[in-house]
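This briefing concerns the structure shown below. Please keep the sequence and the model at hand while reading the points that follow.

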Amino acid sequence: MLSSGENVLAESRYVADEQDFKGSSVVVLRDSETGQTAMVLPSVGNNCISYKATISGREIELLYAAPDAETLQGRPSGYGIPILFPWPNRIEYGKFTFEAREVKLATPSEGAHLLHGYVLNRPWEVTGFGGSDSDGAWVTCRFKSGDFGEIGAEWPFPFEVEGTYRLKDGGLAVEVAGMNTGEGNMPAGLGYHPYFPLPLEASGDRKTCTVQLPCDAYWPLREDSIPIGETKPVEGSYDVRARTPLGDSYFDDVWAGVQYDSDGWSRCHFQDPKAGVQIVVEADSAFREWVLFAPESRPIVCFEPYTCTTDAANLAARGIDGGLSVLKPGESLAGTMRFIPSAAE
């Protein structure tokens with residue numbers, strides 16, 4: 001027989017509980033009123049590996065979901081919602097100079113760039129989870145760079161990260177703060193890399209899916225995806241300020257000149273007309289760049305909010321404002337992204 005406390009939990013709109021998922025521990029968040037669920041895998045980057053919503057009476061998986069922890073570990077930047085810290089995207093050849101100090105980081109191979117920071121492929125510690133009308137269904141995890149000797153051996157800036165997923169009011173939020181726990185200044189950038197199936201359902205048509213970014217400028221990139229060091233006004237295929245069918249277009253680019261709504265948030269739109277679903281991807285004012293990633297090689301589309309552009313540390317060393325944050329001891333860089341799914345308009 002259930003206790004009275006268990007009855008209250010069972011009847012709550014918002015519930016969070018820990019479960020086994022193919023041999024791995026996950027925290028599942030539920031909103032019974034909207035029929036939404038999110039599954040978070042702390043052991044591989046605190047990644048949200050599944051986000052399902054009931055739309056027009058059908059449950060739809062909104063994320064390009066990893067089938068298990070082993071698959072995600074093999075490609076930690078390729079599924080769900082990777083969290084990118086202490087930098088998003090690339091550092092050219094894994095090298096930069098900060099406050100007259102040369103930093104050299106290990107790269108996958110000679111002449112390669114270093115991608116997406118340290119936290120997306122390592123385990124995080126669950127510090128709490130729960131559900132209530134005021135807080136929604138949530139889980140909070142923590143990452144300490146000092147727990148991993150290989151990070152400290154090359155990255156001379158100790159840090160901690162706290163990340164919360166929150167299912168509330170018909171949407172999913174990702175709230176992350178990265179703190180400088182060292183004794184000197186730390187260069188930092190934060191980003192998210194959410195993956196959506198393209199199209200959302202196998203019976204759909206990629207060409208008719210639409211994208212929209214609220215950006216007036218973009219960073220021209222070299223062939224190896226490093227910014228040349230200036231922004232330009234959007235034109236041609238870079239102008240996606242209106243809802244634009246993907247057609248035969250493919251993207252892996254960084255936009256700037258972000259336009260914010262009156263509440264201080266910027267909003268991107270993704271719509272799959274065949275599935276009858278649209279997703280609004282929102283980011284708060286901490287994020288000054290967006291990446292749109294829709295490659296030819298995989299059936300996915302990503303709307304990635306960044307606090308800085310690619311290779312911001314090297315741009316800063318050249319006197320170019322790429323958005324690099326400099327955190328004093330004890331300071332944090334924080335930002336929130338939300339997803340609001342609904343029936344297509």
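Helices and strands are DSSP runs numbered from the N terminus, a helix being H or I over at least four residues and a strand being E over at least two. The model is a predicted one, in which local features need pLDDT of at least 70 and side-chain atom pairs count only at pLDDT 80 or more, while totals for chains, interfaces and linings use all residues. Residues are numbered from 1 along each chain as its sequence is written, and side-chain values use heavy atoms, with hydrogens and water left out.

**Overall form**

- The protein contains four helices and 28 strands.
- The protein has 345 residues, for which a compact globule would have a radius of gyration near 20 Å; the value for the protein is 20 Å, in agreement. This radius is taken over C-alpha atoms, and the globule rule is 2.2 Å times the number of residues to the power 0.38.
- The C-alpha trace spans about 65 × 45 × 40 Å along its principal axes.
- Of the 345 residues, 54% are buried. Buried means under 20% relative accessible area, exposed means over 50%, and partly exposed lies in between (1.4 Å probe, protein chains only).
- The accessible surface amounts to about 14400 Å², and 47% of it belongs to carbon and sulfur atoms. Accessible areas come from the Shrake-Rupley method with a 1.4 Å probe; for residues, only the protein chains shown count as cover.
- Among contacts (heavy atoms within 4.5 Å) between residues at least 6 apart in sequence, 65% join residues at least 24 apart.
- There are 28 positive and 49 negative side chains, and the centres of the two sets lie 3 Å apart. Lys and Arg count as positive and Asp and Glu as negative, with His and the chain ends not counted; each charge is placed at NZ of Lys, CZ of Arg, CG of Asp or CD of Glu.

**The nine-stranded sheet**

- Nine strands form an open antiparallel sheet in the order β11-β12-β13-β14-β28-β24-β23-β18-β21. The edges are β11 (125-132) and β21 (244-245); each has a single partner strand, so one side of each is left without a neighbour in the sheet. Two strands pair if DSSP finds at least two bridges between them.
- Strands of a sheet pair through backbone hydrogen bonds, either parallel or antiparallel.
- Strand β14 (residues 171-180) is largely enclosed by the rest of the structure, because seven of its ten residues are buried.
- Strand β13 (residues 159-168) runs antiparallel to β14 and is joined to it by ten bridges. Glu 160 faces Met 179 of β14 across this pairing.
- The hairpin of β13 and β14 has two residues between the strands, and Asp 169 there takes a positive phi near 55°.
- On β28 (residues 332-343), β14 has an antiparallel partner joined by eight bridges. Gly 178 has Leu 333 in β28 as its bridge partner.
- Strand β18 (residues 210-212) pairs with β21 in the antiparallel sense over two bridges, and Val 211 stands opposite Thr 244 in β21.

**Backbone features in loops**

- A cis peptide bond, with omega about 10°, joins Phe 85 and Pro 86. Pro 86 belongs to the loop between β6 (83-84) and β7 (90-91).
- Asn 89 has a positive phi of about 65° although it is not a glycine. Asn 89 is buried, at 6% relative accessible area.
- Ala 100, also not a glycine, has a positive phi near 70°. Ala 100 lies in the loop between β8 (95-98) and β9 (101-104) and is exposed at 78% relative accessibility.
- Pro 199 is placed in the loop between β17 (195-197) and β18.

- Ala 69 lies in helix α2 (residues 69-74) and is buried, with a relative accessible area of 8%.
- Not counting residues up to four places away in sequence, Ala 69 touches Ser 24, Leu 41 and Val 44. Ala 69 and Ile 49 are 20 residues apart in sequence and 9.0 Å apart in space, C-alpha to C-alpha.
- Pro 227 lies in the loop between β19 (215-219) and β20 (232-233) and is buried, at 2% relative accessible area.
- Leaving aside neighbours within four places in sequence, Pro 227 contacts several residues, including Trp 219, Leu 221, Thr 309 and Arg 318. Asp 311 is 84 residues from Pro 227 in sequence and 7.3 Å away in space, C-alpha to C-alpha.
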